[in-house]
Amino acid sequence: MNSPLPPPPRLAVFVSGLDDTPAGRAAVALADALRRRGYALDVVAPMGGGTLRAALHPGIGQIDLAKRHTVTSVLALARIVAERRPAGLVGVGSDPGLVALAAARLARQTTPAAVLEDMPPSDGGLRRALRKWLHPQAAAVVSGALEPEEAARLILTAFAIPNAIR
């Protein structure tokens, strides 16, 4: 008798929203690239809804943190990471990337976190300090200008999990 295969590792993608924005489109494209590689996946956002929500494959889970803003989602995201223990967490965008890195740290799990962002904002102050403190702890900081397939490959390599499980 054949033993059943274990379920595929589950990954989580955190984005500020599923609105038709560059970050929203990048999150949907990355989620689809990871799904095609055979990974189970949840897309997490502070608030549900958005025009791109319908563009997500039906097999991709959607988690609404019921928060108004990205930066106030860190504790709720940390709770999701602690409860679900994804094999990896990706923050798509500058602020979601910082929140994902902080949440992974606060969850006190071994969940690696990565950031997919275009150019980081040229702001000063707190965001710059957080980026300087948190980015070195990232498994990867990947350019959002890459094709989704290449970004997925780089992130999976950084997470030290197979590039495809099918």
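**View 1. Arg-108 lies in the loop between H3 and S5.** The model is predicted: local features need pLDDT of at least 70, side-chain atom pairs count only at pLDDT 80 or more, and totals for chains, interfaces and linings use all residues. Residues are numbered from 1 along each chain as its sequence is written, and side-chain values use heavy atoms, with hydrogens and water left out. The labels H and S stand for helices and strands: these are DSSP runs numbered from the N terminus (helices are H or I, at least four residues; strands are E, at least two). Phi of Arg-108 is near 55°. That is a positive value in a residue other than glycine. Arg-108 is exposed, with a relative accessible area of 74%. Here, exposed means over 50% relative accessible area, buried means under 20%, and partly exposed lies in between (1.4 Å probe, protein chains only).

**View 2. Phe-159 and Ala-160 both belong to the segment after H5.** Ala-160 is exposed, at 71% relative accessibility. Phi of Ala-160 is near 60°, a positive value in a residue other than glycine. Look also for Gly-88. Its C-alpha atom is separated from that of Phe-159 by 6.5 Å.

**View 3. Strand S4 (residues 88–92) is largely enclosed by the rest of the structure, because five of its five residues are buried.** Both faces of S4 are covered. Gly-88, Val-90 and Val-92 are on one side. Leu-89 and Gly-91 are on the other. S4 also has strand partners. Two strands count as a pair if DSSP finds at least two bridges between them. Five bridges join S4 to S1, and these strands run parallel. One link to find is Val-15, whose bridge partner in S4 is Val-92. S4 pairs with S5 too, in the parallel sense, over four bridges. Leu-89 has Ala-113 as its bridge partner in S5. Val-90 has Ala-114.

**View 4. Strand S5 (residues 113–117) is mostly covered.** Five of its five residues are buried. Which residues point which way from S5? Ala-113, Val-115 and Glu-117 point one way. Ala-114 and Leu-116 point the other way. S5 is joined to S6 by four bridges, and the two run parallel. Glu-117 stands opposite Ser-143 in S6.

**View 5. S4, H3 and S5 make a right-handed β-α-β unit.** Right-handed has a set meaning: with the strands pointing away from the viewer, the path from the first strand over the helix to the second runs clockwise.

**View 6. The largest nonpolar core has 28 residues.** Such a core is a set of buried Ala, Val, Leu, Ile, Met, Phe, Trp, Tyr and Cys residues joined through side-chain atoms within 4.5 Å. Leu-11, Leu-30, Leu-34, Val-43 and Val-92 have the most contacts inside it. S1, H1 (22–36), S2, S4, S5, S6 (140–143) and H5 (148–158) each supply at least two residues of this core. H1 gives the most, with six.

**View 7. The largest pocket has a volume of about 270 Å³.** On a 1 Å grid over the protein atoms alone, a pocket is an open set of points with protein on both sides within 12 Å along at least five of seven lines, while a cavity is a set where a 1.4 Å probe fits but cannot get out; lining residues have an atom within 4 Å of a point. Points are joined across faces, edges and corners, and a volume is the space filled by probe spheres set on them. Of the 13 residues that line this pocket, Leu-98, Val-99, Ala-102, Leu-130 and Leu-134 are the closest to its centre. H3 (94–107) and H4 (126–134) each supply at least two lining residues. The largest share, six residues, comes from H3.

**View 8. The count comes to one cavity of 30 Å³ or more.** The largest cavity has a volume of about 40 Å³. Its lining includes Arg-10, Asp-42, Ile-63, Ile-80 and Pro-86. S1 (10–15), S2 (40–45) and H2 (74–84) each supply at least two residues of the lining.
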